[in-house]
Amino acid sequence: MVIAGAGYVGTCLAVTLAGRGAEVVAVDSDPGTVADLRAGRCRLPEPGLAGAVRDLAATGRLTASTSYDPVGAADVVVVTVGTPTDAGHEMVTDQLVAACEQIAPRLRAGQLVILKSTVSPGTTRTLVAPLLESGGLVHERDFGLAFCPERLAEGVALAQVRTLPVVVGGCGPRSAAAAERFWRSALGVDVRQVPSAEAAEVVKLATNWWIDANVAIANELARYCAVLGVDVLDVIGAANTLPKGSSMVNLLLPGVGVGGSCLTKDPWMAWRDGRDRGVPLRTVETARAVNDDMPRHTAAVIADELVKLGRDRSDTTIAVLGAAFKNDTGDVRNTPVRGVVAALRDSGFRVRIFDPLADPAEIVARFGTAPTASLDEAVSGAGCLAFLAGHRQFHELDFGALAERVDEPCLVFDGRMHLSPARIRELHRFGFAYRGIGR
């Protein structure tokens, strides 16, 4: 089989399928990515992915190419190319169009094409299908065409590929049935078939729209709880015990903002499509505004707490611990931490950055400064330890030892650690001040 697009989703899917015995060719336009995969290298910051690429490249079941010629011999072609949005939140289709134009002349009767790139509703049927049919074959009659949304979460993606149900929406009943058979056989997972490709396309947008809106509620609730003097985690924990519908109330946890390549884009993609169809999606606008403001709010809370401690801005170093957009990953793409750091620097604080999982070169590219080489270097003489990502390594820290390295009085700011009351009491015993989002 061929996977067109060897980015994050494509590579995770390729190693999983190859690991289950399939012969997979990852096709990508970037010669460097292809060279890495052929050599058994992978630079994507996903736990377990680099090792899987190394092991599978050695078996020959996972290969890579810049050419689409392997499409002709494949039974299934999965398209996972990037679909970014422009400044007006409209989907940019350049990569998708280029891939389809390469696949079309190589298609043969009986093949199945599955689109997993996130797209605006209607794209599979009105854009992808005509492009693929330019090679002379007709979808649903000569080849299958279905949309199956990508739903992986960074940090646990490889486990999720093997276990999450796959949503399938075909451009016809034959295509849908073929896609369902493929996923059940290739991954051994449950499949949820929806009536059309359009329904499946909306599933992806709806999922990230809901997550973004839920986080926005949690963030506003945290700001509300802060002025009331109550702990937002107590409120969320109690609220989530209420049965509602077929599930439970499920408020997510607040944090310093939302980042990554999906949550910051997909709701806006739905918003743009809704606007174009005459349906204003106001909850998207509100949730995006709330979450986009959290880095500024976070920096303001840190600054206010440090002033209360009597610290001078120009004489205070803040150790930002965790630069990634999500806990337990090293991905700093669209990270909200960047906005926090920029606001703190604009306020006159000195800032050091340390993230044990992130590529130092990526931090330089996005923050404009090199990270410290070690945790010890980051915290030495710091007046604030700002935990802006809750990596497992940070939960295992000895705060007693850290207390001997910092400059007193020192604030521990909890951006995404969500420390327990017992852990907070421990911090106080060691002489730290504590403040969190809504805590």
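Trainee: Hi! Which residues make the nonpolar surface patch of about 480 Å²?
Mentor: Tyr224, Val227, Leu228, Val230 and Val235 make that patch. Before we go on, this is a predicted model, where local features need pLDDT of at least 70, side-chain atom pairs count only at pLDDT 80 or more, and totals for chains, interfaces and linings use all residues. Residues are numbered from 1 along each chain as its sequence is written, and side-chain values use heavy atoms, with hydrogens and water left out.

Trainee: Thanks. What counts as a patch?
Mentor: Patches are made of residues with over 30% relative accessible area and no salt bridge; like charges are joined within 9 Å, and nonpolar side chains (Val, Leu, Ile, Met, Phe, Trp, Tyr) within 5 Å. Accessible areas come from the Shrake-Rupley method with a 1.4 Å probe, and for residues only the protein chains shown count as cover.

Trainee: Which helix gives the largest share of the nonpolar patch?
Mentor: Helix H8 (residues 197-228) does, with 3 residues. Helices (H or I, at least four residues) and strands (E, at least two) are DSSP runs, numbered from the N terminus. Tyrosine 224 is found in helix H8.

Trainee: Is tyrosine 224 buried or exposed?
Mentor: Tyrosine 224 counts as exposed because its relative accessibility is 53%. The cut-offs are under 20% relative accessible area for buried, over 50% for exposed, and partly exposed in between (1.4 Å probe, protein chains only).

Trainee: New topic: holes! How many cavities of 30 Å³ or more does the structure hold?
Mentor: The structure holds 1. The largest cavity has a volume of about 170 Å³. Of its 14 lining residues, the closest to the centre are Lys116, Pro149, Leu152, Val161 and Val166. Helix H6 (157-163), strand E7 (166-170) and helix H7 (173-187) are the elements that give two or more residues to this lining.

Trainee: What classes of residue are in the lining of the largest cavity?
Mentor: There are 10 nonpolar, 1 polar and 3 charged residues. Here Ala, Val, Leu, Ile, Met, Phe, Trp, Tyr, Cys and Pro count as nonpolar, Asp, Glu, Lys and Arg as charged, and the others, Gly among them, as polar.

Trainee: And the second largest pocket, how much space lies in there?
Mentor: About 160 Å³. Its lining includes Trp268, Arg288 and Asp292, and helix H11 (residues 282-308) gives the most, with 4 residues. By class, that lining divides into 4 nonpolar, 4 polar and 2 charged.

Trainee: Okay, charges next. How many salt bridges are there?
Mentor: A search of the whole structure finds 30. A salt bridge is a side-chain nitrogen of Lys or Arg within 4 Å of a carboxyl oxygen of Asp or Glu. One of them joins arginine 43 to aspartate 36, with the closest N and O atoms 2.9 Å apart.

Trainee: Are those two buried or exposed?
Mentor: Arginine 43 is exposed at 65% relative accessibility, whereas aspartate 36 is buried at 11%.

Trainee: Which parts does the pair of aspartate 75 and arginine 108 tie together?
Mentor: Those side chains meet in a salt bridge (3.5 Å, N to O). Aspartate 75 lies in the loop between strand E3 (62-65) and strand E4 (76-79), and arginine 108 in the loop between helix H4 (94-103) and strand E5 (112-115), so the pair ties together parts that are 33 residues apart in sequence.

Trainee: Last one: where is the cis peptide bond?
Mentor: The cis bond joins glutamate 408 and proline 409, with omega about -5°. Proline 409 is found in the loop between helix H16 (399-403) and strand E14 (411-414).

Definitions and conventions: On a 1 Å grid over the protein atoms alone, a cavity is a set of points where a 1.4 Å probe fits but cannot get out, and a pocket is an open set with protein on both sides within 12 Å along at least five of seven lines; lining residues have an atom within 4 Å of a point. Grid points are joined across faces, edges and corners, and a volume is the space filled by probe spheres set on the points.
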